[in-house]
Amino acid sequence: MSDDARSQPSQGAAPAASGHDVLLRLRRRQALRRGLALIAVAVAVLVAALVAARIVGPAPVPETDLAQPPAGLPPDPLGALAPEPRARLLAPALDRSATFKRTYGGHPKDLCAAIDRLGVPMSDWKPDPFVAGFWYCASDLVRIGREAPDGRRSTLFVNLRGPAEEALTSVRLKLSGDNPASAEAARAALLRVLDAIGRRYGWPWPDDLEQAVRAGQAIDLNSFGLRMRVLPEDPELTSDAAGLPRLNVILNFPGVDLVAPAELFAPFSWEEERHPRRARPQGGGRLVPRADDPSVPGAE
């Protein structure tokens, strides 16, 4: 066969694949071999791990007596306590539940002055001459509206009291609507004072309180420890005509007994040596100097 005949493809034979197709098939075979190899390795590792875990088993637990405390600690750290303090420390419930209380946070004299600026003449915040240790400020008997032909007039009275110079525990507002023609004006004045107290310190009064004042009905509310009462007076006891409003609105602020200042606790021995003249708390956390403090006039 001549060279020309060998160089020509034989009739009926499939055309030769291109170089691109050949290389593509080679790359696919190589990728398949590598994938199978990785799968085989992963299976072998997994089988080996399972066999090792079955042979070795879980890690042994150190043989220690858990009932015995570590060296240096007593068998029961609370064993030396008396039964009562021990029971209190181990009790699941708290000794005193902590609840939020709404209290008076400013100086009472500022509230007295604020009410005075509303048009209700108030006295200064001063010691009570009849009750030792108490302070108060009170208004005049404010006459509201015109006088009736028989001489009756509607009045408003405001009184603030507290057990110390910087403590306010009660506010009392008294309405006497003796003159029916001006009774509603007196009621509006009382609500104005009540609203000023609430807005000054951010106390949102319950709607029921205002409704009770407007209706002249008794009510007793408690909101976060703040007690609010509307107490109408019995017209039969005062010989009043029917329908005349005569009532008291009383606000009682709670004492906060869950906040213990640091000075309330007994000092350490080294604190007592460094600060032998420390002040001591008295009455709700107020600090008073010790009687033997030389910085206090008259102290021994």
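**A colleague's note on the predicted model**

1. Arg187 is buried, at 7% relative accessible area (buried is under 20%, exposed over 50%, partly exposed in between, with a 1.4 Å probe and protein chains only). Arg187 sits in helix α5, residues 183-201 (helices are DSSP runs of H or I with at least four residues, strands runs of E with at least two, numbered from the N terminus). Beyond its neighbours within four places in sequence, Arg187 touches Leu175, Val213, Arg214, Ala215, Gly216, Pro245 and Leu247 (contact is heavy atoms within 4.5 Å).

2. A word on the basis: this is a predicted model, where local features need pLDDT of at least 70, side-chain atom pairs count only at pLDDT 80 or more, and totals for chains, interfaces and linings use all residues. Residues are numbered from 1 along each chain as its sequence is written, and side-chain values use heavy atoms, leaving out hydrogens and water.

3. Strand β2 (residues 135-138) is covered on both faces. Trp135 and Cys137 are buried on one side, Tyr136 and Ala138 on the other. In a regular strand, side chains alternate between the two faces of the sheet.

4. β2 has antiparallel pairings with β1 (residues 126-127), through two bridges, and with β4 (residues 154-162), through four bridges (pairing requires at least two DSSP bridges between the strands). Pro127 stands opposite Trp135, and Tyr136 faces Arg161 of β4.

5. Now for helix α2 (residues 19-56), which holds Ile39. Ile39 counts as exposed because its relative accessibility is 53%.
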